[in-house]
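Please examine the structure shown here. The questions that follow take up its side-chain contacts and then its sheets.

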Amino acid sequence: MKCICEGIDLSDAVLKVVKACSSKTTVPVLECIKLNAKNDSLILSATDGEISIIKNIKAEVYEEGEICVPGKYFADFIKKLEGVQITLSSENKKMDIFYADSQTNMQILSADDFPKIDTEIRENSFKLKTSDLKEFIRSTVFCCATDDSRPILKGCQFLINGEDICVTALDGFRLATVSGKVISATGNLDIICPSRTLTEIEKMIPDGDGETEIFVQRGMILVEAGNTILTSRLYGGDFIKKENIIPKGFITAVTVEKDLLKASIERAAILVRGDKNSLIIFDVSGDKIEISSASEIGNVQEPVKAVTEGKDVRIAMNSKFIIDAVNALTEEKITLSFNNHVQPFICQNENAKDKLYLILPVRTSSNQ
């Protein structure tokens with residue numbers, strides 16, 4: 001293999017595909033990026049068995065061929081060469097990298113052992129505004145579980161019924177659900193996509209007013225943006241039904257200015273950020289929410305003006321969970337709805353109800 005390409009193009013491509021390289025594997029080729037010089041292109045591919053990314057860039061190809069290079073090392077090296085033209089040339093088990101007046105070489109592996117990446121995934125699909133897809137991902141993915149005890153909770157459920165779409169994530173302590181519209185769909189769909197895949201999709205698709213189509217087939221999805229293709233396995237199994245978790249009604253509702261609430265929570269969270277639950281307490285009564293926290297370092301107690309309806313309530317919660325939920329809401333005023341100190345409560349925009357965040361409270365000795 002021998003080809004010449006621009007450093008900025010190669011760096012951009014490598015930094016995209018390296019996200020799919022495996023970091024924990026006993027199969028060395030899964031730690032690699034495959035380089036395939038063909039016609040007038042250099043095609044870069046990486047996969048860890050769950051997610052795969054393919055990127056195509058222009059190149060002057062003098063000798064066609066394909067090799068596998070160590071992904072992380074190659075990426076770190078190439079991103080330092082964005083301003084120069086790069087020549088890649090391989091022979092036997094070595095690849096030479098020529099740039100400016102310098103030369104470097106790296107050990108390579110045979111591309112014969114690299115897994116085949118299936119890009120024939122076209123059976124079903126749905127199309128959304130790109131801005132909506134980005135918002136769905138940003139608004140839910142942080143609520144996915146991060147441990148392997150229940151793998152299905154490491155993904156977001158995309159439920160499509162006609163032109164309606166609902167995206168849901170939960171980790172056992174909190175839930176996020178966002179609803180909206182699709183532009184089109186080949187039929188009703190219910191898929192669970194890994195959060196890591198969604199994060200990469202959100203980074204990959206461009207900002208703007210465009211549209212993005214997601215293809216689904218045989219437990220796989222495919223998304224294409226420009227010269228980049230991402231495929232990923234989907235999680236199998238039945239997702240938890242959110243209707244069984246979200247309370248049907250509430251006895252207390254509080255409407256408050258988002259920025260005032262957020263600032264007070266963040267101050268209260270500072271003194272407990274080293275604690276296991278980063279515990280803060282909401283004491284709702286009259287025309288205010290009193291926010292407090294206490295630790296060995298000190299304590300905070302702040303009233304925030306609010307419009308309240310219903311009974312007084314005192315409830316403890318993880319400060320990170322409520323901060324994440326408040327940050328994801330977009331209106332100037334938000335509404336918090338409670339039942340008591342042990343049942344889950346929800347956060348929503350005051351008017352638009354397309355987003356809902358549910359948080360499980362923390363039991364403490366002072367609010368039994």
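Q: Over the ring of which residue does the charged end of Arg122 sit?
A: A charge sits over a ring if NZ of Lys or CZ of Arg is within 6 Å of the ring centre and within 35 degrees of the ring normal. The charged end of Arg122 is 4.5 Å from the centre of the ring in question. That ring belongs to Phe215.

Q: On what kind of model do these answers rest?
A: Residues are numbered from 1 along each chain as its sequence is written, and side-chain values use heavy atoms, with hydrogens and water left out. Local features need pLDDT of at least 70, side-chain atom pairs count only at pLDDT 80 or more, and totals for chains, interfaces and linings use all residues, for this is a predicted model.

Q: With which residue does Arg122 meet in a salt bridge?
A: A salt bridge is a side-chain nitrogen of Lys or Arg within 4 Å of a carboxyl oxygen of Asp or Glu. For Arg122 the N to O distance is 3.8 Å. Arg122 lies in the loop between S10 and S11, and its partner, 102 residues apart, lies in strand S18 (residues 220-225). The partner is Glu224.

Q: Is Arg122 buried, partly exposed or exposed?
A: Buried means under 20% relative accessible area, exposed over 50%, and partly exposed in between (1.4 Å probe, protein chains only). The relative accessibility of Arg122 is 41%. Arg122 therefore counts as partly exposed.

Q: How many residues apart in sequence are the parts that Glu202 and Lys134 tie together?
A: Glu202 forms a salt bridge with Lys134, with the closest N and O atoms 3.4 Å apart. Both residues are buried. Glu202 lies in helix H4 (residues 195-204) and Lys134 in helix H3 (residues 130-140), so the parts tied together are apart in sequence by 68 residues.

Q: Which residues are linked with Lys134 in a network of salt bridges?
A: The whole structure holds 21 salt bridges. In the network, Lys134 is linked with Arg138, Glu202 and Asp207.

Q: What is the angle between the ring planes of Phe126 and Phe158?
A: Rings of Phe, Tyr and Trp (its six-membered ring) pair if their centres lie within 6.5 Å; planes under 30 degrees apart count as stacked, over 60 as edge-to-face and the rest as tilted. The centres of Phe126 and Phe158 are 6.3 Å apart, and the pair is tilted. Phe126 is buried, at 1% relative accessible area, and Phe158 is buried at 2%. The angle between the planes is 40 degrees.

Q: Which residue forms a salt bridge with Glu66?
A: The closest N and O atoms of this pair are 3.8 Å apart. Glu66 lies in strand S6 and its partner in strand S2, so the pair ties together parts that are 32 residues apart in sequence. Helices (H or I, at least four residues) and strands (E, at least two) are DSSP runs, numbered from the N terminus. The partner of Glu66 is Lys34.

Q: Over how many bridges do strands S2 and S6 pair?
A: Two strands pair if DSSP finds at least two bridges between them. Strand S2 (residues 32-38) and strand S6 (residues 65-70) pair in the antiparallel sense, and Cys32 has Pro70 as its bridge partner in S6. The number of bridges is 6.

Q: Which strands stand at the edges of the sheet of 4 strands?
A: This open sheet has the order S23-S22-S21-S25, with antiparallel pairing. Each edge strand has a single partner strand, so one side of each is left without a neighbour in the sheet. The edge strands are S23 (299-305) and S25 (313-318).
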